[in-house]
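These are my notebook entries from one sitting with the sequence and the coordinates. I set down each look-up in the order in which I made it.

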Amino acid sequence: MNWGKILGIVGALAFILIYLNYITLTFHYGILQVENLRLLKNLNVSIVGANSSAIIVRMNNPLNVSVTVCNISGKYIVFGKPIVIPPQTTKNVTIQITNYQSLVNQIDNNDEYILIKLKIENTTLTSVNLV
């Protein structure tokens, strides 16, 4: 056997091993994303306090990765800049109220929609909730 064939076989085996390692890492990353989505149901959101100008919401992140609250919006509420909630921590988020009486009327009429946009690693989730 000549050296060209031996080096070709060794190179092909190295390429196959590197490619299999890449596939394994990609598969593992996909499993972690599915696991994060499964744990997302444990994301707790509760109202800590409210007045005529703001609502303070406590958000608990049970995941092993950071969750970014990108936006919370509604007809009469405004959210400031994005907030990062580190893994397995709780953070208070302040939502400003632009028109308190109109917000109360919308809630009483079951007509207030709140859009919540979260980012978990490279995945963006958007939820529209009727309050």
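Entry 1. Is N110 buried or exposed? I looked up the relative accessibility of N110 and found 51%, so N110 counts as exposed, the cut-off being over 50%. I then checked the backbone: phi of N110 is positive, near 50 degrees, and the residue is not a glycine.

Entry 2. I located Q88 in the loop that runs between β5 and β6. With a relative accessibility of 54%, Q88 counts as exposed.

Entry 3. Before going further I recorded what kind of model this is. The structure is predicted, with a mean pLDDT of 81 for the protein. I noted that 82% of the residues score at least 70. Among the elements, β5 has the highest mean pLDDT, 93, whereas strand β8 (residues 123-130) has the lowest, 72.

Entry 4. I listed the secondary structure. The protein holds two helices and eight strands. Read from the N terminus, the order of elements is α-β-β-β-β-β-β-α-β-β.

Entry 5. I turned to the pairing of the strands. In which order do the four strands of the open sheet stand? I read the order as β1-β2-β6-β4, and the pairing is antiparallel. The edge strands are β1 (44-50) and β4 (77-79), each of which pairs on one side only. On average, neighbouring strands of this sheet are turned by 35 degrees against each other, direction ignored.

Within this sheet I examined the pair of β2 (residues 54-61) and β6 (residues 89-97). Eight bridges join these two antiparallel strands. I noted N61 opposite T89 of β6.

Entry 6. I next followed strand β3. Strand β3 (residues 67-73) pairs with β5 (residues 83-85) in the antiparallel sense, over three bridges. In this pair T68 faces V84 of β5. Strand β3 is also joined to β7 (residues 113-120), by six bridges, and these two strands run antiparallel. For I72 I found the bridge partner I116 in β7.

Entry 7. I then inspected helix α2 (residues 100-108). Which of its residues are buried? I found S102, L103 and Q106. They lie on the same side of α2 because they cover an arc of only 100 degrees around the axis. As a general point, an α-helix has 3.6 residues a turn, so residues three or four places apart point the same way. I also asked what covers the buried residues of α2. The cover includes β2, β4 and β6.

Entry 8. Of the 131 residues, 21% count as buried. Among contacts with a separation of 6 or more, 49% are between residues 24 or more positions apart.

Conventions: Residues numbered from 1 in each chain as written. Predicted model: local features only at pLDDT ≥ 70, side-chain atom pairs only at ≥ 80, totals over all residues. Heavy atoms only, no water. Pairing = 2+ DSSP bridges. Axes fitted to C-alpha atoms, helices over the stretch in contact; angles between N-to-C directions. Buried < 20%, exposed > 50% of the residue type's maximum accessible area, 1.4 Å probe, protein only. Arc of directions from axis to C-beta. Contact = heavy atoms within 4.5 Å. pLDDT = per-residue confidence, 0-100.
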